[in-house]
Amino acid sequence: MKIDGNTFIVTGGLGGIGGAVAKALLSRGAKVALFDVLPAQKGSLLAAEYHPTDAIYVNVDIANADSTKSGVQIVVEKLGNLKGVVIINFSSAAAHGLYARTLCYGPSKVAVAGITRSMADFLGPSGIRVNSISPSIVQSNMTAGFSGYFNDDLLAHAAFPRKPVPVEEIVRTVVYLVENAYVNGEDIRVDSAWRLVTARTPGARDPRDLAPGLE
Ligand SMILES: NC(=O)c1ccc[n+]([C@@H]2O[C@H](COP(=O)([O-])OP(=O)(O)OC[C@H]3O[C@@H](n4cnc5c(N)ncnc54)[C@H](O)[C@@H]3O)[C@@H](O)[C@H]2O)c1
């Protein structure tokens, strides 16, 4: 699918990854609707900073079906029909290394990877592809509070490179998934082959005590 001239919805579009993805799509000639939970006025100001004409902000709680449906209607009214649809979900490295530190987050991201495959099968006949991306650590508001801890773990347990993923690499993966019409039902790990582990060495501190605020 071409990016130039098409319309995209970016959920969490005012966040770290969503914001970077939205700006990249805009810079390639797309129109972008940012769905986020910030108040409309603040969101609209930020959208105008992303792009003066091609970015709109829509206050949508994507956990609420009615809110999401009316958000999509607004996009169609303001930016026209969503012609070809590409859905890209965000799973996580935590879905691939289920362990004590992410007792809720990890399984929730397994569900994201699972629904990606099921929905690719379900939506295929409608010409809609569904893929997901599983990053390790990307600097954002979400990770700002605990990136030091996870940086240490990357150093200890990633194959290479042993550092957080620059958001630009996540953006490149999104662009690849949009543009390659034959990748479908796939989860792409962008995680430096990081293997999350629970240390059980006698005398070692329990990693659950060290986990800062994920759960
Ligand atoms: N940053 C990482 O290291 C990392 C790693 C793996 C996976 N992920 C996943 O990537 C996605 C984006 O993460 P991020 O790091 O950009 O986080 P972020 O906190 O920077 O951005 C998340 C955005 O989503 C918005 N949001 C929250 N709830 C919402 C709702 N119900 N409806 C609409 N918008 C809502 C927030 O207001 C925020 O702008 C998340 O699903 C996260 O789990 C992130």
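The legends below describe close-up views of a predicted model.

**Figure 1. Two domains along one chain.** Residues 1-84 form domain 1, and residues 85-215 form domain 2. Taken over C-alpha atoms, the centres of domain 1 and domain 2 are separated by 23 Å. Domain 1 gives twelve residues to the contact, and domain 2 gives twelve residues.

**Figure 2. The largest nonpolar core.** This core has 29 residues. The members that touch the most other members are Ile-3, Leu-25, Val-32, Leu-34 and Tyr-50. Two or more residues come from each of the strands β1 (7-11), β2 (31-36), β3 (55-59) and β6 (187-190), and from each of the helices α1 (16-27), α2 (40-50) and α7 (167-179). The core lies between domain 1 (1-84) and domain 2 (85-215), because both give residues to it. In soluble globular proteins, nonpolar side chains tend to be buried together.

Figure 3. A separate core of ten residues has among its members Tyr-99, Phe-146, Ala-158 and Leu-196.

**Figure 4. Ile-9 in strand β1.** Ile-9 belongs to strand β1. Is Ile-9 buried or partly exposed? Its relative accessible area is 28%, so Ile-9 counts as partly exposed. Apart from neighbours within four places in sequence, Ile-9 is in contact with Ala-33, Phe-35, Val-72, Val-75 and Leu-82. Between Ile-9 and Ser-132 there are 15 Å in space, C-alpha to C-alpha, and the two are 123 residues apart in sequence.

**Figure 5. The shell around the ligand.**

Figure 6. An oxygen atom of the ligand lies 2.8 Å from a backbone N or O atom of Ile-17. For Val-60, a backbone N or O atom is 3.4 Å from a nitrogen atom of the ligand. Lys-109 takes part through its side chain, where an N or O atom is 2.9 Å from an oxygen atom of the ligand. On its own the ligand has 830 Å² of accessible area, and the protein covers 77% of this.

**Figure 7. Ser-67 and Asp-61.** Ser-67 is part of helix α3, which spans residues 65-79. Setting aside neighbours within four places in sequence, Ser-67 is in contact with Asn-59, Val-60 and Asp-61. A polar atom in the side chain of Ser-67 lies 2.9 Å from the backbone nitrogen of Asp-61.

**Figure 8. Asp-153 in helix α6.** Helix α6 covers residues 147-157 and contains Asp-153. The relative accessible area of Asp-153 is 10%, so this residue is buried, the cut-off being under 20%. Not counting residues up to four places away in sequence, Asp-153 touches Arg-101, Ala-158 and Trp-194. Of these, Ala-158 is also a member of the second core.

**Figure 9. A cis peptide bond between Phe-160 and Pro-161.** The peptide bond that joins Phe-160 and Pro-161 is cis, with omega about -10°. Pro-161 sits in the loop between α6 and α7.

Figure 10. Ser-192 is in the loop between β6 and α8 (207-210), and Ala-193 is in the loop between β6 and α8. Phi of Ser-192 is near 55°, a positive value in a residue other than glycine. For Ala-193, phi is positive and near 55°.

How values were computed. Residues are numbered from 1 along each chain as its sequence is written. This is a predicted model: local features need pLDDT of at least 70, side-chain atom pairs count only at pLDDT 80 or more; totals for chains, interfaces and linings use all residues. Side-chain values use heavy atoms; hydrogens and water are left out. A nonpolar core is a set of buried Ala, Val, Leu, Ile, Met, Phe, Trp, Tyr and Cys residues joined through side-chain atoms within 4.5 Å. Buried means under 20% relative accessible area, exposed over 50%, partly exposed in between (1.4 Å probe, protein chains only). Helices (H or I, at least four residues) and strands (E, at least two) are DSSP runs, numbered from the N terminus. Domain bounds come from an automatic or database domain assignment. A polar contact is a pair of N or O atoms within 3.5 Å; within protein, one must be able to donate a hydrogen and the other to accept it, and residues adjacent in sequence count only if both atoms are side-chain atoms. Accessible areas come from the Shrake-Rupley method with a 1.4 Å probe; for residues, only the protein chains shown count as cover. Contact means heavy atoms within 4.5 Å.
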